[in-house]
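User: Got a model open here and I'd like to talk through its aromatic rings. Can you walk me through them?

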Amino acid sequence: MNPTSNFFFGKERQTSKPQGKKKPESRLILILGISFLFLSRLPAQDFSNLRSKKAFQMAGSIGAQASSRLSDWNSIQDPLAYSIQIQLNPVLYGFSLPFSFCLADNRFSFTQPFSQLSFSPSYKWIQLHLGRTSINMHPYGLSGHQFDGIGLSLTPDFPLHFSVMYGRLAKASQGDTSLTTDPDGIFHSSMPAYRRTAYAFKLGFSHKGQQIGLHFLRADDHKQSLSPVFHPYISPKANAVLALDFSFCLYKDLRLNGQAGLSSYTGNLLEETENKTGLLASMMRPFLRQRPSTSIHSAYKIGLSFKGISLSYERISPGYETMGAYYFNQDFENVVLSFARNFSKVDIKTDIGWQRDDLARNKASRMDRIVGSAYLNYRINEKFSMTASYSNFTAYTQIKPVDLTRPDDPWIQNPDTVAFRQISQQAQFCFSYASSSQSPYPQQAGIDISYQSSREKSQKTFNDYVYACFRHGIRLAGEYQLQSALNFSTGIDRAAFSPTSFSYSLGPSVVLSKTFLKKSLRFSGGLNYYWDMQGKKTSGSLAGLRLRGSYTLAQTHVFDLQFNGRLRFAKGNRDIGKELQIVAGYNYRFRLDPEKLKLKAIERKKERQKKKNAKLLRYNSVTPSW
């Protein structure tokens, strides 16, 4: 009988010849079976080079930590705490299966990769999605929503690309509308939900920088998945989305890109069908039967870019919904102008945008936002560099009166709007110096300044915060490293119709470290002291001491011991509290590779045989022959 090819096992059935090594196809099927058996959640794996991957590897760590704390002002925390952590990461032909175990203060936690099915194997330009997974096809359609089902992505070398999926977006739930109370006194209730399934595809064309893609999504609730008792309270829904994205090169560096979407959303599938009028309704009629609760909305974004300068406009109409995303912003439009360019020594990035909502002018309030940011990185020379950034968020909120039906009411003085203006700003500046690495005493220094501000103009309230740090580090002789810093922070607060309050904090910190035994043993010690002030009065101070020692044995065992002490003083340097903490820890890291262990065993066997042969040779050379 002629040998026949077995597709499932990837090898030929032969009776005359012994079986050789398993081919990669058989390994693939074996891994598929294991993953489905354990319902594991595995990342995307490439099988095009499966032959070169190792069959099994194991990496992990075992750690333990214990701490003891004695405090006069913090009595909430336990005086003794401990934790034990175990992490295991077996790897089968490139598939990672991480496990973790943690026991901390009599509380046990365990994580494992077999809680849900997710499998995304790939071979060259073919990728398969199985189980609970997600595919991003379009921001106005299927965008990041997880589903239980199957998907396929084809990205060959020729211009056409294709993606398709089918699966369940949500399970059916009968719900429990009765309120229940847990031991913490929190009320819980669950609403009923229909079983929701969806299918989607995207067809794309890409050639010489020109790209265009067509996307379609259809999602439906199953009427029979929920008891008719709930029909008066919750209704099955359906959604169809037709979307488009494109990117074209108009002239040299001038590029046009955009995205658009049409969504037909039906709020109740139990209603009778009807045909709506209008251009958008006629476009979406072939994809979803229309009913009185069907609404059709549009969303689009278009932009131009030229040599680092880009201008974009986005508009999402009120009521735009898609079942392909968990959360979706709608009822807004924004315009963004940005510039980004990298020069020989300077990197610049800046943008400014304007956004508004209430496009249909039917909300109780309207908000306009202006957002701007700027970033600068200047490499002055090999030793000096500077970085600065600034961002501004300004919001104008107009709250409409509750009742405008009585214009003669004396309590309504301004029947138009009541306006609020909120401003949030943030700025950062960093100036750094680094000496040459060839210097006998390399050192680094810098100044870091951060500023945050939040203001409300109508109520005249604001909150400002400034932080500054002057830092310096130097490596001395004998592998000593000295780090020092001077920290300063201040806060200025003012509530509505209240006086302004000021608070300050100032203090230095010093850390000295030293390594021994080829950097396997390390000791460090630090001191810090801070003064706290409220207005012009000193409210107290805080002194801290920290000692730490760590030792690494054979690059796998790490022993760590820390001592932390703090003293808090009130006005007049009177001791009002102290805190002591001791932390001891141990960590063991390991990596198991059977192939390497096998090679080492062979090498040891060869060495033993070599020594045995040398011993026999010496014995034969001194033994007399009769």
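Analyst: Let's begin with Phe248, which is partly exposed at 29% relative accessibility (buried is under 20% relative accessible area, exposed over 50%, partly exposed in between, with a 1.4 Å probe and protein chains only). This is a predicted model, where local features need pLDDT of at least 70, side-chain atom pairs count only at pLDDT 80 or more, and totals for chains, interfaces and linings use all residues. Residues are numbered from 1 along each chain as its sequence is written, and side-chain values use heavy atoms, with hydrogens and water left out.

User: How are the rings of Phe246 and Phe248 arranged?

Analyst: They're stacked, because the centres are 5.7 Å apart and the planes are at 20°. Rings of Phe, Tyr and Trp (its six-membered ring) pair if their centres lie within 6.5 Å; planes under 30 degrees apart are stacked, over 60 edge-to-face, the rest tilted. Phe246 is partly exposed too, at 21%.

User: What about Phe201 and Phe216?

Analyst: That pair is tilted, with centres 6.0 Å apart and planes at 40°. Phe216 is buried at 8%, while Phe201 is partly exposed at 29%.

User: Which cluster are they in?

Analyst: Ring pairs link Phe201 and Phe216 with Tyr199 and Phe287.

User: Switching topic: which rings does Lys514 sit over?

Analyst: Its charged end is over Phe516, 4.0 Å from the ring centre, and Lys514 also lies over the face of Tyr480, at 5.2 Å. The rule wants NZ of Lys or CZ of Arg within 6 Å of the ring centre and within 35 degrees of the ring normal.
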